Amino acid sequence: MTGLPTSPRSVRGSSGTPWLYLAPALVVLGGLLVYPVYQLGLISFLEYTQAQVSGGEPTSFQGFGNYAELFGDGEFWRVLLATVVFAAACVVSTLAVGCALAVLLTRVRALPRLALMLAGLGAWATPAVTGSTVWLLLFDPDFGPVNRMLGLGDHSWTYGRYSAFLLVLLEVVWCSFPFVMVTVYAGIRAVPAEVLEAAALDGASQWRIWRSVLAPMLRPILVVVTIQSVIWDFKVFTQIYVMTNGGGIAGQNLVLNVYAYQKAFASSQYSLGSAIGVVMLLILLAVTLVYLRLLRRQGEEL
């Protein structure tokens with residue numbers, strides 16, 4: 001009898017079934033994410049240095065004292081500004097390169113498309129330390145082929161602040177664009193061919209097709225890759241640390257992650273390092289929530 005109403009008990013039972021399937025994953029996430037974040041926040045409110053770690057002095061509660069010390073440090077604001085600008089440049093460059101190559105994949109034949117995808121996935125799969133070392137060798141002032149090709153002699157890319165940031169940016173884009181390329185390419189392939197053909201018949205250029213047809217249809221995918229890129233590039237550590245030897249000359253290439261590492265482990269100020277980590281977490285959460293809220297106001301379904 002299909003006309004019989006469903007009992008409230010069965011409805012309640014079925015509504016709880018998805019949570020049973022999600023429970024194992026939630027437990028794992030709780031152990032790998034929630035507990036470390038809790039510990040990070042807890043340490044940021046304590047006086048926790050090498051003396052407390054070794055047991056020589058008791059741990060004391062500082063309240064917001066660590067944050068007050070951090071926000072009163074001019075170097076923190078300089079590093080924060082450098083991190084925001086550097087991360088924004090990396091995100092924009094990665095999205096531009098990834099989207100352009102995704103469109104290119106739809107225009108080439110099967111063999112070049114396969115070669116490009118394999119090359120991109122190879123770059124993506126390369127460990128950050130290995131990729132950073134390779135880029136340092138390519139731009140080495142004595143033996144690197146890039147300086148010879150450009151006729152720059154023994155120019156050191158890591159000596160100047162901006163050239164060092166540019167070198168790291170190129171490496172970050174190189175290892176990050178495959179994710180954007182493959183994801184956007186999959187989204188483009190899902191767009192009906194009739195829509196693109198109609199736009200081409202109307203005389204639209206490739207740029208106009210991307211801006212007026214593909215980008216609006218791919219907006220949910222672009223939101224995902226943008227947020228993911230923001231998170232990755234804002235938390236860059238390995239490339240900066242390896243390619244600038246720990247933050248560059250006199251800390252000129254410091255970003256927040258390397259700055260937190262120096263405070264926590266080089267200076268044994270674990271509470272200040274934890275406070276920087278909490279600030280980074282809050283910034284990333286705020287950026288993500290604001291971005292999603294703006295999209296919802298525009299009527300976008302994610």
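Is Arg107 buried, partly exposed or exposed? Arg107 counts as partly exposed, because its relative accessibility is 48%. Here buried means under 20% relative accessible area, exposed means over 50%, and partly exposed lies in between, with a 1.4 Å probe and protein chains only. The model is predicted, so local features need pLDDT of at least 70 and side-chain atom pairs count only at pLDDT 80 or more, while totals for chains, interfaces and linings use all residues. Residues are numbered from 1 along each chain as its sequence is written, and side-chain values use heavy atoms, with hydrogens and water left out.

Arg107 sits in the loop between H4 and helix H5 (110–125). Helices (H or I, at least four residues) are DSSP runs, numbered from the N terminus. Arg107 and Lys235 are 128 residues apart along the chain, and their C-alpha atoms are separated by 34 Å.

On a 1 Å grid over the protein atoms alone, a cavity is a set of points where a 1.4 Å probe fits but cannot get out; lining residues have an atom within 4 Å of a point. The structure holds one cavity of 30 Å³ or more. The space in the largest cavity is about 30 Å³. Such a volume is the space filled by probe spheres set on the points, with grid points joined across faces, edges and corners. Helix H10 (residues 206–217) gives the most to this lining, with four residues. By class, the lining has four nonpolar, one polar and one charged residues. Ala, Val, Leu, Ile, Met, Phe, Trp, Tyr, Cys and Pro count as nonpolar, Asp, Glu, Lys and Arg as charged, and the others, Gly among them, as polar.

The largest pocket has a volume of about 530 Å³. A pocket is an open set of points with protein on both sides within 12 Å along at least five of seven lines. It is lined by 21 residues, of which Pro36, Val37, Leu40, Gly277 and Leu281 are the closest to its centre. H1, helix H13 (256–266) and H14 each give two or more residues to the lining. That lining has 16 nonpolar, four polar and one charged residues.

A nonpolar surface patch covers about 840 Å². Its members are Val28, Leu32, Leu33, Val34, Val37, Leu281, Leu282, Leu285 and Leu289. Patch residues have over 30% relative accessible area and no salt bridge, and nonpolar side chains (Val, Leu, Ile, Met, Phe, Trp, Tyr) are joined within 5 Å. Helix H1 (8–44) and helix H14 (270–297) each supply at least two residues. H1 gives the most, with five. Leu282 lies in helix H14 and counts as exposed, because its relative accessibility is 51%.

Side chains of opposite charge can pair when their charged atoms come close. A search of the whole structure finds one salt bridge (a side-chain nitrogen of Lys or Arg within 4 Å of a carboxyl oxygen of Asp or Glu). Glu75 forms a salt bridge with Arg78, and the closest N and O atoms are 3.7 Å apart. Glu75 and Arg78 are separated by about one helical turn, because they are three residues apart in helix H4 (residues 74–105). Glu75 is partly exposed at 30% relative accessibility, and Arg78 is partly exposed at 32%.

Notes
Patch = residues over 30% accessible without salt bridge, like charges linked within 9 Å, V, L, I, M, F, W, Y side chains within 5 Å. Areas by Shrake-Rupley, 256 points an atom, 1.4 Å probe, with all protein chains shown as cover.
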